[in-house]
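Okay, thanks everyone for coming.

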Amino acid sequence: MYLSTLKLWNFRKYGTGLDYAPGLEIHFQDGVNVLIGENDSGKTAIVDAIRYVLRTKSGETIYFDEKDFHMAGSIRSKWLRIECWFEGITDIEAAPFLEWMGLKKDKDGTHYCLRLTLTATILDDGRIYPVVKAGMGNDGTPMDGKARDLLRVVYLKPLRDALQDMTHGYKSRIAQILQAHSVFGNSKRDSEGKHKLETLYNQLKKEIDEYFDQNKAQDGRIITENINDILVKNFLMAGEQRKAALSLTGSELIDILRQLDLVLECNKSGLGSLNLLCVAAELLLFLEDKKGLKLTLVEELEAHLHPQYQLRMLDYIRSQEGFGQFILTTHSITLAANIPLENLIILKENKVFPMGKEYTECEEGDYRFLHRFLDATKANLFFARGVIMVEGDAENLLLPAVAKVIERPLHEYGVSIVNVGSTAYKRYARIFQRKDGQQMGIPVAIVTDLDIRSIEYYKDDSDEERKLKMLHVTDEVKAALTEICASVDFSELPEYVKTKLEFNEYLTRHKNAGSRVVKKQERDEAIQYFIDNRSEITEEAISNLRQKKADALAAIYPEGEIRLFVAKNWTLEYEIAKSGLYKELDIAVKMAKGEQAGYMVTFEDAKKESDEAYEDGTNDAVAYQIFKPINDGSVSKAIVAQYLAEILESHPTKYKSILESDEHLEYLVEAIKHVTPERV
């Protein structure tokens with residue numbers, strides 16, 4: 001059995017909805033569930049609500065206080081309600097709960113289900129009166145102690161005192177764990193009801209007691225005699241017949257277990273190692289096939305654990321079905337990056353967003369892709385108040401500087417930049433798209449290139465066959481190609497096709513229904529038609545291409561929290577080369593070239609050279625000339641971006657007006673503004 005649903009009314013930050021609907025309803029899956037969210041997003045409230053209803057195996061005393069009741073404005077609620085629903089209950093697991101059990105019908109048939117309800121009320125005198133009932137009708141009926149004990153959970157709190165938990169003493173947690181283990185059960189006792197450990201302990205106790213006995217000829221009797229001499233002669237009243245004795249106390253099994261320490265090494269262990277011991281000890285009971293609920297609550301698994309220990313532990317938990325269900329909270333990007341997306345639950349603004357297949361727009365292939373490529377750097381999107389997705393290192397380095405110059409520093413708004421490294425932004429964006437259409441409250445800006453080359457590129461092309469030529473696809477061209485190659489559907493052929501490779505790939509991917517292959521003769525004739533019917537690339541053709549692609553991209557995310565911000569012409573660096581920052585880009589290119597060649601070019605020297613070269617201003621030819629070293633790869637985009645960022649930040653007042661007024665830089669500024677709303 002597992003906890004499938006938690007519902008909260010007026011518990012802490014979660015009030016009530018319309019018609020007294022729960023302020024929060026969260027669904028869990030069997031296995032691992034990881035709650036992710038910023039501080040005060042409700043993670044601890046969810047964990048505590050479960051603890052309050054089910055109680056913990058450590059037997060901690062839990063009290064409600066006034067602040068557990070939701071406050072709306074200045075009015076605090078006088079009542080709260082918590083419901084826990086359980087599913088996946090086998091016949092054996094159902095036996096202790098039959099009088100409270102219900103049935104649930106779904107597409108897979110009829111199944112057992114169980115509801116536990118806690119209600120609490122603040123009385124007129126300020127006392128808080130909690131009541132726990134179980135059952136499906138109204139609020140149910142009281143559940144007896146034995147049945148409730150089968151629903152207790154293991155709770156690992158953050159920054160716990162692991163040393164105390166694993167050390168001997170009256171409140172020793174290791175003693176409680178061991179006492180519940182079958183090794184110390186009734187079946188392991190002899191005919192007199194004694195456990196072997198008790199027999200061994202009593203033998204040791206007898207020998208130790210005799211060592212200190214005043215009537216035995218052992219060294220320890222001197223200590224006992226001296227104590228009694230001081231006691232009788234100096235402290236006790238005349239005639240009092242009392243004597244002190246040194247003795248090993250306790251003889252029952254629990255007394256023995258309370259004297260045990262769980263240690264990892266002879267020397268004192270650090271907090272991380274002690275926390276590992278705690279978890280290992282708690283999981284000990286789950287290795288046994290025991291009745292009842294197997295649920296472990298872990299707050300901030302990363303507390304005092306090295307990232308590699310976190311991953312090791314998580315892998316082990318996920319591999320062991322016998323451990324049952326886990327509900328964890330975390331701030332760890334390392335964990336978020338290594339947990340399958342389906343196991344995550346994002347908390348945002350009093351709402352929860354499970355990331356399973358039934359909730360997001362992600363497809364099966366997206367989940368596999370994200371599991372491969374959602375590394376620790378990209379996983380910071382789960383903790384952000386806003387996200388900017390970029391396609392390369394240059395944008396990743398430059399955008400924070402732009403944001404700082406326009407007085408919207410990203411870190412102050414809780415915005416994360418995620419470098420998707422390609423045009424796969426759709427896969428990442430689908431993380432934030434819900435099947436129910438609900439907005440997550442996280443604005444997402446996707447910064448991408450238009451990727452339509454300028455006329456100067458084609459004029460500069462050394463390939464004479466491709467130079468200034470492309471196929472302009474009209475209805476007549478489509479008809480001619482269809483007659484030549486009947487096995488291909490040419491209805492989706494783009495208006496302009498620039499290369500033979502591009503055309504050949506289209507032939508391969510757009511076969512008509514029923515056509516298994518494209519015959520070689522047909523393919524060769526179609527390719528020859530493409531070569532023979534190309535025409536010169538014109539400014540008008542490039543302009544048309546840009547407009548059509550811009551319109552198509554704009555239609556992908558027409559409204560809502562996810563927005564696409566596209567370069568006006570080609571790439572980020574090309575837009576900068578066409579903007580009022582063209583000289584700054586040229587200076588950055590010169591400084592980057594020097595660094596890559598092994599010598600340093602100062603800003604002053606680079607600026608002087610740039611001023612002399614471009615004293616007449618900029619135009620399309622100048623923009624391409626500045627951009628060309630970046631485009632052909634003779635200089636690193638990342639290094640150029642780093643130098644340019646430093647230049648912008650060195651004179652923010654000067655560059656702020658350029659950034660906010662230049663049409664070629666507008667898309668960058670608007671992307672930043674989308675994820676950094678105006679401050680109230």
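So, what radius of gyration does the chain have, next to a compact globule of 680 residues? The chain comes out at 36 Å, whereas the compact globule would be near 26 Å. Keep in mind that this is a predicted model. If you box up the C-alpha atoms along the principal axes, you get roughly 120 × 65 × 60 Å. In terms of secondary structure, the chain has 26 helices and 22 strands. And of its 680 residues, 46% are buried.

Let me pick out Asp616. Where does Asp616 sit? You'll find Asp616 in the loop that links helix H22, residues 603-613, with helix H23, residues 620-631. Is Asp616 buried or exposed? Its relative accessibility is 77%, so we call Asp616 exposed, given that the cut-off for exposed is over 50%.

The other spot is nonpolar. Here Ile223, Ile227 and Leu246 form a surface patch, and together they have about 230 Å² of accessible area. Take Ile227, which belongs to helix H7, residues 221-235. Ile227 has a relative accessible area of 40%, so Ile227 counts as partly exposed; that class runs between the buried limit of 20% and the exposed limit of 50%.

That's my tour, so over to you for questions.

Methods:
Residues numbered from 1 in each chain as written. Predicted model: local features only at pLDDT ≥ 70, side-chain atom pairs only at ≥ 80, totals over all residues. Heavy atoms only, no water. Helix = DSSP H or I, 4+ residues; strand = E, 2+ residues; numbered from the N terminus. Buried < 20%, exposed > 50% of the residue type's maximum accessible area, 1.4 Å probe, protein only. Patch = residues over 30% accessible without salt bridge, like charges linked within 9 Å, V, L, I, M, F, W, Y side chains within 5 Å. Areas by Shrake-Rupley, 256 points an atom, 1.4 Å probe, with all protein chains shown as cover. Salt bridge = Lys/Arg side-chain N within 4 Å of Asp/Glu carboxyl O. Rg over C-alpha atoms; globule rule 2.2 N^0.38 Å.
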